[in-house]
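Here are my notes for when you open the model. Keep the structure beside you and take the points one at a time.

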Amino acid sequence: MIILIDAGNTNVKLATVSNHGQITSVSHSEFYQNISDVKEVIYAAVATSSTLVEILALCKKHKIPTKKVTVTQSFKNIKCGYKVVENLGVDRWLAVIGARLSYQDEFLLIVDAGTAITLDVCSENHHLGGWIAPGLSLMQSSIVEKAPGVFIDSDINAEVFGTNTPSALFHGCVNSLAGMIERAQKSVVLVNDTDEKAAKIILTGGDASLINKYLALPSEVNIDLVFIGLKQFIE
């Protein structure tokens, strides 16, 4: 089997690809238990972690070929919008590739909601660039760190306006991120000077489903976008 690895800022996620192209998440323990069945590992890393180092060392020990995916100026006619392509996070690039090859809409608004929340826009096969902001957990923890009177509680009730400090913090942050996405959609329309050119919004990443609930615009969650991008590098 072929293993795909998405090594992010916080987590190292693994998946396998079937002969029909279906992507299935794989736990670390499943990977270790079935190491003899692994034929190749294709990975992308925005950060080096001890977990990734351990996995790659194990692959070397078992003589399993590994391939590291990096950002290039273009891939399958998809053009990177960064002038210095090395400065674009490879996870963003893979999400762009995955989205562009999965959806036919002319304009795509691709949101990866993880440690940071990244937003990228595609016009046909051209990546136009994007935005980066703190993710939901990072946004909340940064406020708690700087404001001693503010604190977090994991037990939050859904409400429009927070009636206690943890709820006010959570709803303020999650609505800020939803507002950023909605503002980006307005920017796509303004750039193209027509209401007919609104982008299809696709969310991926650990907080995708949560943030999606707070959006006031049509949107879709596709949790496998980065893996779909990685899958394209199987030879």
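1. Residues are numbered from 1 along each chain as its sequence is written. You're looking at a predicted model, where local features need pLDDT of at least 70, side-chain atom pairs count only at pLDDT 80 or more, and totals for chains, interfaces and linings use all residues, while side-chain values use heavy atoms, with hydrogens and water left out.

2. Go to the loop between β6 (74-75) and β7 (78-79), where K76 sits. K76 isn't a glycine, yet its phi is positive, about 50 degrees. N77 is found in that loop between β6 and β7 too, and N77 also has a positive phi, about 70 degrees, without being a glycine. For accessibility, buried means under 20% relative accessible area, exposed over 50%, and partly exposed in between (1.4 Å probe, protein chains only). K76, at 47%, counts as partly exposed, and N77, at 56%, counts as exposed.

3. Which residues is L225 in contact with, leaving aside its neighbours within four places in sequence? Contact here means heavy atoms within 4.5 Å. The list for L225 is L94, A95, G98, A99, Y103, I110, I202 and T204.

4. Have a look at L119 in strand β9. With 2% relative accessibility, L119 counts as buried. Not counting residues up to four places away in sequence, L119 touches R92, L109, I110, V111, G129, G130, W131, M180, I181 and A184. Take G130: it is 11 residues from L119 along the chain, and their C-alpha atoms are separated by 5.2 Å.

5. Searching the whole structure turns up three aromatic pairs. Rings of Phe, Tyr and Trp (its six-membered ring) pair if their centres lie within 6.5 Å; planes under 30 degrees apart count as stacked, over 60 as edge-to-face and the rest as tilted. F170 and Y214 make an edge-to-face pair, 6.2 Å centre to centre with 75 degrees between the planes. This pair links distant parts of the chain: F170 is in helix α5 (residues 165-192), while Y214 is in the loop between α6 (208-212) and β12 (220-221), 44 residues apart. F170 is buried, at 13% relative accessible area, whereas Y214 is partly exposed, at 24%.

Methods. Helix = DSSP H or I, 4+ residues; strand = E, 2+ residues; numbered from the N terminus.
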